[in-house]
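Subject: Structure handover

Hello,

Here is the structure for you to look through. My notes follow below it.

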Amino acid sequence: MIEAVANDPNLPALGSSIARIVRLSSSDDQSIQQLTYYVLSDVSLTQKILRLSNSAAFKAITNKEISSINKAIYLLGFDSVKTSALAILLVDGMPAKHATHVRIELICALAAGMISRKLAALTSFTKDIEEISIAALFKNLGRILLATYKPDLYHEMMSLAAQGQHSPAQASMQVLGFRLDALTETLLEKWNVPANVIQALNAKPDNTLITPKNKQEWMRVAAEFCEKAAPLILSVNKNEDIVLKNKLLHRFGKVLNLTMPVLDELINKANLEARELLISSDLAPVDKRNKINQDSSAHCEFDVAAEENLISELTLNTVETHNLQVTERFSSNKPYNASILLLNGIQNTTEMMASGEYRLENLISLSLDSLYAALGFRFITLCLRDSKINSFRARSSLGKKNLEYQKHFNFSAVPTNDLFHLAMQRNIDLDISNAFIPRIRRLIPLWHTTLLPDACSILILPLVVNKKPMGLIYADRDTESSEGITDDEAKLVRIMKGQIMIALNTK
C-alpha cells in the first residue's frame with residue numbers, strides 16, 4: 001500500500017499543489033493575488049471555481065454574475081475559494097476517482113469540509129474556519145488512498161469495521177498492519193499542512209467526550225463530527241438519517257452545543273452548498289444531478305419560459321455588461337466610464353456587507369481594487385493609525401510595487417503642516433491633479449517625496465470618526481490628471497469611503 005502510494009507520479013504534483021494553496025494566508029496581502037494567479041494557471045480549476053461561484057447556493061451570497069476569480073475571492077471570501085480549490089484539487093488528483101468506492105470517499109471528504117464551515121460559524125472559532133475545513137477535508141485521506149490503490153484491502157477493512165466489533169483504527173491494524181491515519185499524517189506533513197491541522201485528525205477515544213478546553217481540542221472533536229456527519233449529505237433514506245442524527249447528538253450534542261433543530265439546520269445549509277461543490281467537481285452522480293434540478297424547479301407554478309419572461313419584465317434595470325469594460329482612457333489612465341465602474345464596485349461591496357459573513361480584509365481589498373481600477377491609479381493603500389508607535393502606516397495596498405511602497409508608507413501621528421495631516425484635521429477629501437505645482441509641492445512631506453518622487457496626481461481620503469483621525473486612503477498616478485474627478489464620481493468615491501469606515505467600526 002505505502003509502496004503503491006510512494007510510486008505514483010501523480011501524488012507529488014498533487015501534494016505540491018495542495019502545499020502551495022495551504023501556505024496562503026488570508027492575513028497576507030499578497031495571498032489574494034497569489035491564489036488568483038494559481039487558480040488561473042489551471043484552466044480546469046478556473047472553470048470549476050467559476051461554475052461553483054455562480055451556482056444557486058452561492059448566489060444566496062451575491063446575486064451578481066461572477067466572471068473572474070478575483071471577483072469570486074472578493075465576494076465569496078478568500079477562505080471559501082481556497083478550501084473549494086483544495087477540494088477540487090483533491091478530487092482531480094485521484095486517478096481512480098470514477099470507481100464507486102473512491103467516489104464515495106471523495107464525496108464524504110467534500111461533504112465533511114462543507115459541514116465544518118457551517119459548524120465553525122456556530123462557534124467562537126469563526127476566524128479558524130479555514131483550518132477546520134482543511135482538517136475535515138483530509139480526515140479520510142487514508143481511506144481515499146486505500147480505495148484508490150488497494151480496493152480489495154479497502155473493502156476488507158470496511159467490511160470488518162461495519163460488523164461493529166472493530167473500530168476503524170483496529171480494522172486498519174488487522175487488515176493493513178498499520179494505522180491508516182499514520183499514512184494520512186505522513187502525507188500531510190510532506191504537503192506542509194500546518195501541524196495543528198494534522199493534530200486535529202487524531203481521533204478522540206470512543207468514551208464520553210468532554211467539553212473542549214481550547215481550539216485544538218475543539219478541532220479534534222469537530223473533525224470527527226464532520227466525518228461522521230458526512231453521510232447525511234445527499235442522503236435519501238430518512239429513517240437512516242434519523243438514526244445517524246441521534247447517534248451524533250448522543251456523542252457530540254453536549255460538547256458542540258447541538259440540538260436536533262440546530263443539527264437539522266446545519267445539515268440543510270451544508271447540503272445546499274455541498275451538492276453544488278460535488279457537481280462542480282464532477283462527483284455528483286447523474287441521478288443526483290437530475291434530482292437536484294427537479295428539486296430546484298419544484299416550486300414553479302407556471303412554465304419556465306413564462307416565468308423567465310415575467311422575471312425579466314420585473315427585474316430592476318442594472319448596468320449593462322459592456323459598460324463595465326474599459327474601452328477608452330484619459331492620458332492619466334483614468335477610464336472614461338469611471339462612474340459606472342465605481343457604481344459597480346459599490347454594489348459589490350454592499351452585497352458583501354449585506355451577507356454579514358465577510359472578512360474585513362476582503363472588503364477592504366474589494367473597495368481598494370474598485371477605486372484603483374475605476375480611477376486608473378498606479379498605487380493605492382489604506383493607511384491606519386498605530387497607537388503603539390503613534391504613527392500612521394499602510395495596512396493594505398494594490399498596484400505597481402505595492403508591497404515595497406506599503407512597507408515604507410508610514411508617518412508620525414504628531415500633526416504637522418502637510419497635506420496628509422491637513423486633510424485629516426479638516427476632514428476634507430483632496431484631489432490633486434498635479435502635485436508638482438510649487439504651492440502644492442511645499443505641502444508634501446519629505447518622507448513622501450523620498451518614497452514616491454514621481455507621484456503626480458494624488459487622491460487623499462481621510463478616515464475621521466468623531467473628529468478623531470483613524471487614517472486615510474491614499475492613491476496616486478505618475479501622470480497629471482487634468483480631467484480631475486467629476487461631481488458624480490466624487491459622490492461615489494465618498495460612498496465607498498463611507499462603506500470602509502462602517503466596516504472598520506463594526507468588524
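The axes of helix H10 (residues 141-149) and H13 (residues 180-190) come within 8 Å and cross at roughly 100 degrees. That makes H10 roughly perpendicular to H13. The contact of H10 with H13 has 7 nonpolar, 2 polar and 1 charged residues. On the H10 side, Leu-141, Gly-142, Arg-143, Leu-145 and Leu-146 take part. They meet Leu-180, Leu-183, Thr-184, Leu-187 and Leu-188 of H13.

Keep in mind that this is a predicted model, in which local features need pLDDT of at least 70, side-chain atom pairs count only at pLDDT 80 or more, and totals for chains, interfaces and linings use all residues. Residues are numbered from 1 along each chain as its sequence is written, and side-chain values use heavy atoms, with hydrogens and water left out.

Some terms before you go on:

- Helices (H or I, at least four residues) and strands (E, at least two) are DSSP runs, numbered from the N terminus.
- Axes are lines fitted to C-alpha atoms, for helices over the stretch in contact, and angles run from 0 to 180 degrees between N-to-C directions.
- Angles under 35 degrees are roughly parallel, over 145 roughly antiparallel, 65 to 115 roughly perpendicular, and the rest oblique.
- Contact means heavy atoms within 4.5 Å.
- Ala, Val, Leu, Ile, Met, Phe, Trp, Tyr, Cys and Pro are nonpolar; Asp, Glu, Lys and Arg are charged; the others, Gly among them, are polar.

Now more on H13. Leu-180, Leu-183, Thr-184, Glu-185, Leu-187 and Leu-188 are buried there (under 20% relative accessible area; exposed is over 50%, partly exposed in between, with a 1.4 Å probe and protein chains only). Asn-192 follows H13 and has a positive phi, near 60 degrees.

H10 also packs on H11 (151-162). Their axes come within 5 Å and cross at roughly 130 degrees. H10 and H11 are therefore oblique to each other. H10 brings Arg-143, Leu-146, Ala-147, Thr-148 and Tyr-149 to the contact. H11 brings Pro-151, Leu-153, Tyr-154, Met-157 and Met-158. By class, these residues divide into 8 nonpolar, 1 polar and 1 charged.

Next, the open space. The largest pocket has a volume of about 1,500 Å³. Of the 44 residues that line it, Arg-143, Pro-168, Glu-224, Glu-227 and Lys-228 are the closest to its centre. A pocket is an open set of points on a 1 Å grid over the protein atoms alone, with protein on both sides within 12 Å along at least five of seven lines; lining residues have an atom within 4 Å of a point. Grid points are joined across faces, edges and corners, and a volume is the space filled by probe spheres set on the points. Which helix gives the most to the lining of the largest pocket? H16 does, with 8 residues. H10, H11 and H13 are among the elements that each supply at least two residues. The lining of the largest pocket divides into 22 nonpolar, 8 polar and 14 charged residues.

A cavity is a set of points where a 1.4 Å probe fits but cannot get out. The whole structure holds 3 cavities of 30 Å³ or more. The largest cavity has about 120 Å³ of space. Its lining has 13 residues, and Thr-83, Ser-84, Gly-113, Met-114 and Arg-117 lie nearest its centre. Helices H7 (78-92), H8, H9 (129-138) and H17 (260-280) each supply at least two of the lining residues. By class, that lining has 6 nonpolar, 5 polar and 2 charged residues.

The second largest cavity has a volume of about 40 Å³. Ile-49, Leu-52, Ser-53, Phe-58, Leu-76, Ser-80, Val-81 and Ser-84 line it. Helix H4 (43-53) and H7 give two or more residues each to this lining. It has 5 nonpolar, 3 polar and no charged residues.

Two loop residues deserve a look. Asn-390 is in the loop between strands E1 (379-386) and E2 (391-399). Its phi is positive, near 50 degrees, and it is not a glycine. At 33% relative accessibility, Asn-390 counts as partly exposed. Lys-401 lies in the loop between E2 and helix H22 (402-408). Its phi is also positive, about 55 degrees. At 42% relative accessibility, Lys-401 is partly exposed too.

Last, the whole chain. It has 26 helices and 6 strands. Of its 507 residues, 51% count as buried.

Best wishes
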